[in-house]
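Work through the exercises below with the sequence and the 3D structure in view. Each task is followed by a solution in steps.

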Amino acid sequence: MPHNPRGQVEVICGCMFSGKSEELIRRLRRAEIARMTVRVFKPAIDDRYGAKAVVSHLRDEFPCTPVENARQIVDLCGGCDLVGIDEVQFMGPEIVKVVDDLARRGKRVIVAGLDLDAFEEPFGPMAELLVRADYVTKLHAVCVVCGEDATRSYRKSGTTGQVEVGSDQYEARCRGCYHHGPEAAVAVA
Ligand code: ZN
């Protein structure tokens, strides 16, 4: 991914278990090798593996700062070349303008998040971030039912709130198996 000194926005999206945090960490490490100054944030809501690191499902880690809102990112990222944000779907709508403003100030901004919630609806600010981005990477997990590329996060518990943090609550499914509901899981067992 070329670094544009005039700033750029990259979005890494996909369903649960698609490797978004892993891909974010890979880009952050490459930027550090290129001697860019990197600052990484994630919403304070996400404390699955400890609040102060971006952690992939393979337990790879990169240090980050938890934030309560998008303005805090602006306050904390002065002087850096690259701003990374993980789990960006949990940020409020103001993150869209903040991301654009950071890029306008010449920063490379990389955000990673779930594009769809468990009900196949755009998650938080993701749709708006995706259409405004310069580069979009959509990653796929493996459907646990049929083994094809998965784009959906299927919630096993059947609860209806949009936010239910915890990867053990979900499985990755393709479009078809998502709509087969709980019976599809029985077929595998
Ligand atoms: Zn499937």
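**Exercise 1.** Count the helices and strands of the protein chain.

Solution. The chain has 6 helices and 12 strands; both are DSSP runs numbered from the N terminus, helices being H or I with at least four residues and strands E with at least two. The model is predicted, so local features need pLDDT of at least 70 and side-chain atom pairs pLDDT 80 or more, while totals for chains, interfaces and linings use all residues. Residues are numbered from 1 along each chain as its sequence is written, and side-chain values use heavy atoms, without hydrogens and water.

**Exercise 2.** Decide whether the radius of gyration of the protein chain agrees with that of a compact globule.

Solution. Step one: the rule, 2.2 Å times the number of residues to the power 0.38, is compared with a radius taken over C-alpha atoms. Step two: for 189 residues the rule gives a value near 16 Å, and the chain has 17 Å, so the two agree. Step three: the C-alpha atoms fill a box of roughly 55 × 30 × 30 Å along the principal axes.

**Exercise 3.** Find the residues that coordinate the zinc ion, and name the geometry.

Solution. Step one: look for donors, meaning N, O and S atoms within 2.8 Å of the metal (3.2 Å for Na, K and Ca); water is not among the atoms, so sites may look incomplete. The SG atoms of C143, C146, C174 and C177 coordinate the zinc ion at 2.3 to 2.4 Å. Step two: the angles between these 4 donor atoms are 100 to 119 degrees, so the arrangement is tetrahedral, a term that requires all angles of four donors to lie between 85 and 135 degrees. Step three: the spacing of the donor residues in sequence is C-x2-C-x27-C-x2-C.

**Exercise 4.** Is C177 buried or exposed?

Solution. Buried means under 20% relative accessible area, exposed over 50%, and partly exposed in between (1.4 Å probe, protein chains only). C177 has 8%, so C177 is buried. C146 has 39% and is therefore partly exposed.

**Exercise 5.** Locate the largest nonpolar core.

Solution. Such a core is a set of buried Ala, Val, Leu, Ile, Met, Phe, Trp, Tyr and Cys residues joined through side-chain atoms within 4.5 Å. The largest has 31 residues, with I73, I95 and L129 making the most contacts inside it. Helix α3 gives the most to this core, 6 residues.

Technical notes
Four donors count as tetrahedral if all angles lie between 85 and 135 degrees; four count as square planar and six as octahedral if opposite donors are over 155 degrees apart and all others between 65 and 115; anything else is irregular.
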